[in-house]
Amino acid sequence: MKLVRLIRHAESAANVGLATTTPDSIPLTEKGRLQARVLADSITSAPDLIIASPFERAIATALPTAARFPHVPFEFWPVKEFTYLTPNRFAGTTQADRKPLEETTGRMVTRS
């Protein structure tokens, strides 16, 4: 039987309310980088495959596990993210800045 682990990215700048640019370039915080290392250390048997989205925070979360198991293939799989606000228009804003606009003016945009 296959074991599948689904792991959400570690703490990111957006999670703690910092200003961000585009959804795919949001970095991890220092705490998030520590969480990613702790996660990698907690995995006791080598996986068959490590997968991350091409988003910066997902890659940074997976990298310590990939380093721990360097013989394991590490792949990037595309994702579709839904956002109600045009990312370039709101670069440098926080979630709190965008919240009122999400509720009143946003339209759904699919990012690939």
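Arg-33 counts as partly exposed, at 36% relative accessibility (buried means under 20% relative accessible area, exposed over 50%, and partly exposed in between, with a 1.4 Å probe and protein chains only). The model is predicted, so local features need pLDDT of at least 70 and side-chain atom pairs count only at pLDDT 80 or more, while totals for chains, interfaces and linings use all residues. Residues are numbered from 1 along each chain as its sequence is written, and side-chain values use heavy atoms, with hydrogens and water left out.

Arg-33 meets Glu-30 in a salt bridge at 2.8 Å, N to O (a side-chain nitrogen of Lys or Arg within 4 Å of a carboxyl oxygen of Asp or Glu). Both residues lie in helix α1, 3 residues apart, about one turn of the helix (helices, H or I of at least four residues, and strands, E of at least two, are DSSP runs numbered from the N terminus). Glu-30, Arg-33 and Arg-37 are linked in a salt-bridge network.

In total, the structure holds 4 salt bridges. Another one joins Lys-31 to Glu-11, with the closest N and O atoms 3.9 Å apart. Lys-31 lies in helix α1 and Glu-11 in the segment before α1, so this pair ties together parts 20 residues apart in sequence. Glu-11 counts as buried at 18% relative accessibility.

Lys-2 and Asp-48 also form a salt bridge, their closest N and O atoms being 3.1 Å apart. This pair links distant parts of the chain, 46 residues apart: Lys-2 is in the segment before α1 (30–42) and Asp-48 in the loop between α1 and β1. Lys-2 is exposed, with a relative accessible area of 65%, and Asp-48 is exposed at 59%.
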